[in-house]
Amino acid sequence: MFGKKSLNILVIIVLTMVTFWWTTFIFHAEFILEACFAIIVFRIISSFLIYKDYSLSWSKATQKTFLLKSVVVAVPLFIYTPIFHGEVRIAFMLSEAMTYLVSM
């Protein structure tokens with residue numbers, strides 16, 4: 001029913017929403033839907049265009065998959081941090097990215 005590309009998109013959307021909500025809870029911040037949506041879009045684009053990491057198996061966790069996931073999280077972080085700098089704290093964005101990476 002779902003291919004690896006569809007599963008990748010679904011995992012990025014759900015996991016980003018959960019980690020973004022969790023980080024807002026920890027930081028006592030409000031949930032900024034635009035920022036969450038932008039992060040999801042940047043992560044999907046990064047995943048597809050930069051490393052095509054959807055082709056990796058979700059059932060296997062190796063050092064290579066962790067490094068690819070790290071880069072797929074880090075590259076969008078460097079792009080969307082300046083965009084939301086005035087609205088969202090940098091510590092919030094770093095914490096959310098690390099929570100996402102660890103939960104991945």
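Is phenylalanine 31 buried, partly exposed or exposed, and what is its relative accessibility? I looked it up: phenylalanine 31 is at 33% relative accessibility, so it counts as partly exposed. My cut-offs are under 20% relative accessible area for buried, over 50% for exposed and partly exposed in between, with a 1.4 Å probe and protein chains only.

A note on my source: this is a predicted model, where local features need pLDDT of at least 70, side-chain atom pairs count only at pLDDT 80 or more, and totals for chains, interfaces and linings use all residues. Residues are numbered from 1 along each chain as its sequence is written, and side-chain values use heavy atoms, with hydrogens and water left out.

Next I looked for aromatic pairs, and the search of the whole structure gave seven. Rings of Phe, Tyr and Trp (its six-membered ring) pair if their centres lie within 6.5 Å; planes under 30 degrees apart are stacked, over 60 edge-to-face, and the rest tilted.

I picked out phenylalanine 20 and phenylalanine 31, an edge-to-face pair at 5.0 Å centre to centre with 85° between the planes. Phenylalanine 20 counts as buried because its relative accessibility is 1%.

Then I turned to tryptophan 21 and tryptophan 22: their planes are at 50° and their ring centres 6.2 Å apart, so I noted the pair as tilted. Tryptophan 21 is partly exposed at 47% relative accessibility, and tryptophan 22 is partly exposed too, at 40%.

I also found a cluster: ring pairs link Phe20, Phe27, Phe31 and Phe92.
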